Amino acid sequence: MSKGVEWAVHTLLNLAWADHGEPVSTARLAAGHDLPGPYLHKQLQALVRAGLLESVPGVRGGFLLARAPEAVSMLDIVLAIEGDEPLFRCTEIRQCGLIGAQCAGPGDFARPCAVKTALGRAEAAWREALAAQSLADVGRESAAHAPAFPGAARRALGGD
């Protein structure tokens, strides 16, 4: 998973904590964690396309949450940044090379690859776990671990 997912989650959390109803610029969001603005902007645009952020044009423009944190799952964020491609792509190497040639009997490859099946189950469980956690859940856990973060985000993003 790319670092863009981490950046996206923290940025969405910061916007949720700021919660002052005014758009926040890419520059200000990037400065919040000393991130490169142009790269963060790409992540923000992906979040807009996914319906997680709203982009407000103009001099006083920037980004706002498009949904309540309770309505944004961690899976929504991962899919917005990484896309919906499977994590594992089976290339059927079991059918290749010396071993594959020796197993090329009728029906040897009729069933799905056990490696693909096992990794598919793991990915399904991972996606289910991400879907079960909202941005609000992660925000509460984050605030419990580091109580100063919500207030710092409000101040840094112009909410206080």
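The model is a predicted one, and its protein chain holds eight helices and two strands. From the N terminus on, these elements follow the order α-α-α-β-β-α-α-α-α-α.

**Overall form**
- The protein chain has a radius of gyration of 21 Å, whereas a compact globule of 160 residues would have one near 15 Å.
- Taken along the principal axes, the box filled by the C-alpha atoms is roughly 70 × 30 × 25 Å.
- Of the 160 residues in the protein chain, 32% are buried.

**Nonpolar core**
- The largest nonpolar core has 32 residues, and L29, L47 and I77 are those with the most contacts inside it.
- Two or more residues of this core come from each of α1, α2 (26–32), α3 (37–49), α4 (74–82) and α7, with α1 giving the largest share, nine residues.
- Once its neighbours within four places in sequence are left aside, I77 is in contact with A8, V9, L12, L47, L52, V72 and L135.

**Helices α1 and α7**
- Helix α1 (residues 3–18) and helix α7 (residues 135–145) have axes that come within 10 Å and cross at roughly 80 degrees, and the two helices are therefore roughly perpendicular to each other.
- On the α1 side the contact is made by V9, L12, L13 and W17, and on the α7 side by L135, V138, G139, S142 and A143.
- By class, this contact of α1 with α7 has seven nonpolar residues, two polar residues and no charged residues.

Note on methods. Residues numbered from 1 in each chain as written. Predicted model: local features only at pLDDT ≥ 70, side-chain atom pairs only at ≥ 80, totals over all residues. Heavy atoms only, no water. Axes fitted to C-alpha atoms, helices over the stretch in contact; angles between N-to-C directions. Helix = DSSP H or I, 4+ residues; strand = E, 2+ residues; numbered from the N terminus. Parallel < 35°, antiparallel > 145°, perpendicular 65-115°, else oblique. Contact = heavy atoms within 4.5 Å. Nonpolar A, V, L, I, M, F, W, Y, C, P; charged D, E, K, R; others polar. Core = buried A, V, L, I, M, F, W, Y, C linked by side-chain atoms within 4.5 Å. Buried < 20%, exposed > 50% of the residue type's maximum accessible area, 1.4 Å probe, protein only. Rg over C-alpha atoms; globule rule 2.2 N^0.38 Å.
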